[in-house]
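Visitor: Please take one part of this structure and walk me through it closely. Keep it brisk.

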Amino acid sequence: MSTFAARLTADVSRRTMLWLGALFAALVVAPWVVNDYFVTVLILILYLAFTGQAWNIMMGFTGQLSLGHAIYAGLGAYVAAALFTRYGVAPWFGLLAAMPVAAACGAVIGFLAFRFGVTGVYFAILTIAFAEFARIGFDHLDIVNAAAGLFLPVAQYAHNDLWRLRGSPTMFYYVILAATIAAFVLCRLLITSRIGYFWLAIREDEEAARAVGIDTFRYKMYAVTISAAVTSFAGVFYAFFYNNLFPEQVFNISQSIQMILGPVIGGVGTLFGPILGAFVLTSLAESLNSALTAMGLDLPGAEQVFYGVCLLVVVAALPEGIWPWLAQRFGIKDAAS
Amino acid sequence: MTALLSLTAVSKRFRGLVAVDRVSFDVAEGALFAVIGPNGAGKTTLFNMIAGATIPDDGAIVFAGEPIGGLPADAVCRRGVARTFQLVRPFPALSVEDNVVVGALLHRRSVDAARDHARELLRRLDLFDKRRRRAATLTLPDRKRLEVARALATGPRLLLLDEVMAGLRPTETDRMVATLRELNRETGVTILLIEHVMRAVMALASRVLVLDHGVAIAEGAPEAIVRDPAVVQSYLGAETA
């Protein structure tokens with residue numbers, strides 16, 4: 001256990017620890033200070049921070065661009081929701097089924113791509129294709145109500161039921177907060193371990209990685225399956241928080257894109273970038289929405305245009321993302337950068 | 001003495017061009033073996049076949065009693081053959097130290113143990129003071145040394161060096177020659193190098209193979225090779241005339 005803690009904190013300055021502690025404290029007390037609307041916004045932020053970290057394992061650490069991560073979240077959502085609505089299986093058990101399903105799906109995509117040398121842009125297209133297969137497939141899958149959507153029973157709950165994930169937004173907030181912290185810790189442990197070094201080597205130069213004896217196929221498979229399994233938790237959370245699933249929504253490419261915006265803006269391949277990116281992007285987008293509403297303007301698509309502008313600005317001004325730039329200014333070391 | 005590496009009638013054709021034509025030679029364990037020849041003689045192709053980057057069309061490549069011809073590069077490396085690239089390919093965004101740590105992790109589970117070993121090698125190759133820099137920021141001679149350190153970190157029995165002296169100044173060449181000699185003497189690692197810099201070959205190699213148009217035209221001690229009429233005509237002509 002001590003070695004575990006040592007690995008987690010090795011090379012982390014006291015100042016960084018203080019910052020992290022302060023941030024943690026702020027996030028823990030947040031629901032007591034802000035209203036329900038802000039709690040919902042924070043849930044969205046943490047949801048995107050979580051999925052961003054999961055995606056980062058593939059792209060940020062291993063250099064495999066997935067543009068179809070919605071498939072893993074969608075599978076997780078559908079597996080857990082179907083088990084719950086049909087058999088009354090609690091979501092945490094549902095997660096135990098969702099993770100292997102998503103991991104297996106990742107393994108199939110990974111196997112096809114890595115075994116047959118599908119790389120770079122073509123790999124990205126393959127991931128989009130699979131997410132689209134899933135979207136169209138689930139649209140015709142009667143067992144989960146096809147295009148009509150799968151609904152979880154919604155009722156007013158007198159108390160929070162953490163086991164069955166039925167309750168107030170505050171409960172969901174703490175669940176996604178715990179998950180985001182767990183994902184952060186997991187990523188930190190992975191990237192400072194043997195597997196993490198091999199992933200970075202593959203990201204940097206696959207041929208050189210092979211020349212130092214790394215079985216690149218195997219390690220890329222690890223990356224895609226771990227990333228998929230972690231992402232599936234986000235899907236389970238999504239299903240029980242929103243209580244409805246439509247293939248057109250959960251498998252939509254816009255879901256995949258939204259997952260990657262956080263890390264891209266925050267800093268691909270860094271530990272803190274996905275979290276920062278999700279915060280910056282979502283809070284700006286929500287402010288924009290509120291401002292537009294206050295002005296009585298109804299502009300459909302304004303949010304998407306805004307994301308596009310944010311992306312343009314960051315890519316042009318800080319191509320490595322906001323976090324590496326900030327970290328450098330404040331002298332903070334990010335293990336993965 | 002049995003050969004650590006043994007090539008028998010190894011050939012490679014690219015469409016019509018025969019890049020390597022039935023080349024055979026043995027490298028004894030602990031030797032410093034050089035492959036020389038004019039540009040386009042097939043040296044790098046030969047190297048790539050040993051390292052697993054290119055699949056030979058014909059012939060046998062045996063390393064430590066085991067056929068390795070046609071194995072993928074990572075499998076060859078895990079059996080104890082490490083290489084450098086002619087056009088250096090460090091992991092650019094990683095620190096100098098982490099580049100070597102990656103290599104050292106091949107046969108080590110613990111990152112700390114790998115780091116200790118990496119630092120030892122960085123000291124040996126005069127890169128210790130630059131260990132925290134990004135590999136991309138190094139000068140070419142430093143990057144070449146980094147390639148050697150990373151390859152050595154995998155704990156090879158055979159080290160393949162593809163023109164590690166090219167682009168170095170004479171003093172840097174001498175330094176590299178001294179380092180490689182020292183490594184060979186102290187660790188017993190066998191070194192097979194492709195080299196254009198005759199000054200390094202003469203100082204380093206115990207045995208030399210000369211390739212010309214994919215064919216092995218001579219093999220022997222360096223002093224004998226430089227007097228071989230066929231070699232003088234095809235390769236050294238201008239230098240020794």
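Guide: Start with helix α10 of chain A, which is mostly covered: 22 of its 27 residues are buried. Buried means that 20 or more other C-beta atoms, placed from the backbone, lie within 10 Å of a residue's own; 12 or fewer means exposed, and anything in between is partly exposed. Helices here are DSSP runs (H or I, at least four residues), numbered from the N terminus.

A word on the source. The model is predicted: local features need pLDDT of at least 70, side-chain atom pairs count only at pLDDT 80 or more, and totals for chains, interfaces and linings use all residues. Residues are numbered from 1 along each chain as its sequence is written, while chains are lettered from A and ligands numbered from 1 in the order in which they are written.

Back to the helix. From its first C-alpha to its last, α10(A) reaches 39 Å, close to the 39 Å expected at 1.5 Å a residue. That expected span is 1.5 Å times one less than the number of residues. Just after α10(A) comes N243(A), with a positive phi of about 65°.

Now the core. The largest nonpolar core has 180 residues. Such a core is a set of buried Ala, Val, Leu, Ile, Met, Phe, Trp, Tyr and Cys residues joined through C-beta atoms within 7 Å. Among those with the most contacts inside it are F237(A), I176(A) and L160(B). Helix α10 (residues 216-242) of chain A gives this core its largest share, 15 residues.

Setting aside residues up to four places away in sequence, L160(B) touches F47(B), I50(B), A51(B), V81(B), A82(B), R83(B) and L192(B). Contact means C-beta atoms, placed from the backbone, within 7 Å.

Conventions
Helix = DSSP H or I, 4+ residues; strand = E, 2+ residues; numbered from the N terminus. Contact = placed C-beta atoms within 7 Å.
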